[in-house]
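Subject: Structure handover

Hello,

Here is the structure I said I would pass on. Please open it before reading the notes below.

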Amino acid sequence: MAEIAYWEAIRRAHDEEMANDRMVIAMGEDIGVAGGTYKATLGLYDKYGEERVIDTPISENSYTGIGIGASMVGMRPIIEIMSINFALLALDTLVNAAAKIRYMSGGRAQCPIVMRTPGGTAHQLAAQHSARLARMFMSTSGLRVVTPRGPIDAYGMLKSAVRCNDPVIIIEHEQMYNLKEEVPDEEFFRPLEGAEIVREGSDITLVGYNFSVHLCLEAAKRLEADGINAEVLDLRSLKPLDRETIRKSVEKTHRVLIAEEDEAPVGVGAEIMALINEDCFFALDAQPVRIHAADVPVPYNARLEKAAIPSAEDVYQGALKVMGKI
Amino acid sequence: MNDADKKRLLKEMIFFRRFEDRTFEAYMERKIGGFLHLYSGQEAVATGVLEKAMLGKGTDNDYVITGYRDHVHALKAGAPAREVMAELYGKETGSSRGRGGSMHIFDPSVNFMGGYALVGQPFPLAAGLAMGCKHKGSKQIAICFLGDGANNQGTFHETMNMAKVWNLPVLFVCENNGYAIGTHIDRSTAVKDQYKRVCAYDMEASQHDGMDIETVMEAAEKAIDFVRSGKGPYFIEFMTYRFRGHSMSDAKGYRTREEELEWEKRDPIKIFSKRLIEQGLITEDDIKAMEKDIDDEIENDIIKFSEESPEPKVEDLHKYVLDDDPDPRWIGPLQQ
């Protein structure tokens, strides 16, 4: 057991999967010779060569499409897109092709690609590097969308994603690449499906995914000091959603807050609220609350940026509201 | 080419024309829904190019991929005609189990990797198929058929660049029929000769008559040999014409009857029939008998099969969205 950073966990998963199966390749901008913007493929170019750790030109739609084509003939490409903003350029091949090929071929073809991309805000990267598009991918049939919150999931879910026969979108986060966690030395896999209760509680359920799980955990600590025992639920998979675990938790706590770094409209929180309405409306003792980003392009100015993006303080205040304390 | 092959190829092209004509009738009878884009007029291209490809070996075939005008490419690649027609009928026995329709014929059992509605999307997919061939060290290549209209997509430029940089075994076949849906190439495209556009990527390319199957085959053989020998991608352009509209809803108001008649004189089936008659290989009566055999087969076997096949079950609506039999080690669910 060693404490490793999120980026090291991703790198280790790449390394093991590439060693295990020569059909696994990595593709993306600057991932080879340069070692990757987030170091997720550091050293792998030297180890596996340029045919398997492929530096691509800045052509997101077509290199993603090339990965998809390769996956249709048995390869297992792990495609890195440097920022989820740039994944918008690859929507045609991801949404129109990868997500639909199995279905429109009547199950006769498949696209087992993995697309990894950071999809959150960092610090003052401004509007074109700060998009959070989880809600867009989770509305696409035929994709899996997962959001590892720490090194254990980052490692174990990437390994599962490589072996899974579906196209998997892994949404990482710029502010998590250096986040550390004790990770077992022996190989393991983490399933792509299933929400996880990462902190047990009885008074309120704080639902998060990706980086917002950490905001929920921080808020839960503060709530504890106020005598409120919060449960924290990490969705882990946005598509498919684990509505059963959400229902069970809400039926236990009777109160719920959803924390998302995405904007609210047609978002993850909206979807979770709808599911709660459908599945356990009568279990609720209070109106649910969504904590989310402001519905604006992310501003450059640090003060404005901070105001646009939810914080642990926002989650804490929101929870107090659900609890009727303010 | 021996005499038997010549006669076979003529018969194949006539079959493809009659198959498309019959889908037109079925569409008018509302047996076929959605969009229907017919290949009539361009038969010499798919037939001639794929005649020179590695086919007949199932999943060891060359890979073939194309746009939405895909019936004939699928048929020539080896997809059973019954299944292609049944797909148009939306039946469970169809090539894509009734889930794809006319624009999305798939038959991976013969490496026909699909028809795609997004113009330009098959470019990168084809390069990916080629990357797979290269990675496996196989002699297979990928062959991508698209129209001149697709060349104005960004994927054209992105993919030509990567195919060349990575030396991928892919043959891009441009079927230049002069129209991007209903807009003439002169009004949409700065460079008229499509093969010249890939000079920008230092790619080998050439342009040929696409109405004469023997010309097509000769050119395709050279291009395929080039790609298969590991020299990298090749772009081959064939000048051709579609005799029908872009799709069934097309009134063809964008082109003149004179232009159509000019091209109809160069009908690939007429050209090849005439040549075989002149060479004494076949008579007008033989061709009539051939047509009758084809029509009988289409009606009594292919259409009958499609009519009688079952529709997909409504309870199977959610099948094929994701892997229907996933490995729980990777998928879960998570044990709490």
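This is a predicted model: local features need pLDDT of at least 70, side-chain atom pairs count only at pLDDT 80 or more; totals for chains, interfaces and linings use all residues.

Chain B has an open sheet of six strands, paired in parallel, and the order across it is E2-E1-E3-E4-E8-E7. Strand E2 (112-115) and strand E7 (204-209) of chain B are the edge strands, each pairing on one side only. From one strand to the next the twist averages 15°. At one end of that order, E7(B) pairs with strand E8 (residues 234-239) of chain B in the parallel sense, over six bridges. If you want a place to look, B:His208 has B:Phe238 in E8(B) as its bridge partner.

Helix H2 (residues 43-51) of chain B touches strand E1 (63-66), strand E3 (142-147), strand E4 (170-176) and E8 of chain B. The direction of H2 makes about 170° with that of E3(B). Helix H9 (residues 213-231) of chain B also packs on the sheet, and touches E3, E4, E7 and E8 of chain B. For H9 the angle is about 170° with the direction of E8(B).

The interface between chain A and chain B

How many residues are in contact between chain A and chain B? On the chain A side there are 55, and they meet 45 residues of chain B. The size of an interface is often given as the accessible area lost when the parts come together. Here the area buried between the two chains is about 4,300 Å², and carbon and sulfur atoms give 66% of it. The residues of chain A that lose the most area to chain B are A:Tyr103, A:Met104 and A:Arg108, together 20% of what that side buries.

A:Arg108 forms a salt bridge with B:Asp107, with the closest N and O atoms 3.0 Å apart.

Several elements of chain A give two or more residues to the side that touches chain B, including strand E2 (24-28), helix H3 (60-72) and helix H5 (91-104) of chain A. The largest share of that side, nine residues, comes from H3(A). By residue type, the side of chain A that touches chain B divides into 24 nonpolar, 17 polar and 14 charged residues.

Salt bridges

Over all chains, the structure holds 62 salt bridges. One to look at joins the side chains of A:Asp234 and A:Arg149, at 2.8 Å from N to O. A:Asp234 lies in strand E11 (residues 230-234) of chain A and A:Arg149 in the loop between strand E6 (144-146) and H7 of chain A, so the pair ties together parts that are 85 residues apart in sequence.

Backbone details

The peptide bond from A:Lys239 to A:Pro240 is cis, with omega near -5°. A:Pro240 sits in the loop between strand E12 (237-239) and helix H9 (243-253) of chain A. In chain B, the bond from B:Gly332 to B:Pro333 is cis, with omega near 10°. B:Pro333 is in the segment after helix H13 (328-331) of chain B.

B:Asn167 is a residue other than glycine with a positive phi, near 55°. You will find B:Asn167 in the loop between helix H6 (154-165) and E4 of chain B.

Regards

Note on methods
Residues are numbered from 1 along each chain as its sequence is written. Chains are lettered from A and ligands numbered from 1 in the order in which they are written. Side-chain values use heavy atoms; hydrogens and water are left out. Two strands pair if DSSP finds at least two bridges between them. Helices (H or I, at least four residues) and strands (E, at least two) are DSSP runs, numbered from the N terminus. Axes are lines fitted to C-alpha atoms, for helices over the stretch in contact, and angles run from 0 to 180 degrees between N-to-C directions. Contact means heavy atoms within 4.5 Å. Buried area is the accessible area (1.4 Å probe) that two parts lose on being put together, summed over both. A salt bridge is a side-chain nitrogen of Lys or Arg within 4 Å of a carboxyl oxygen of Asp or Glu. Ala, Val, Leu, Ile, Met, Phe, Trp, Tyr, Cys and Pro count as nonpolar, Asp, Glu, Lys and Arg as charged, and the others, Gly among them, as polar.
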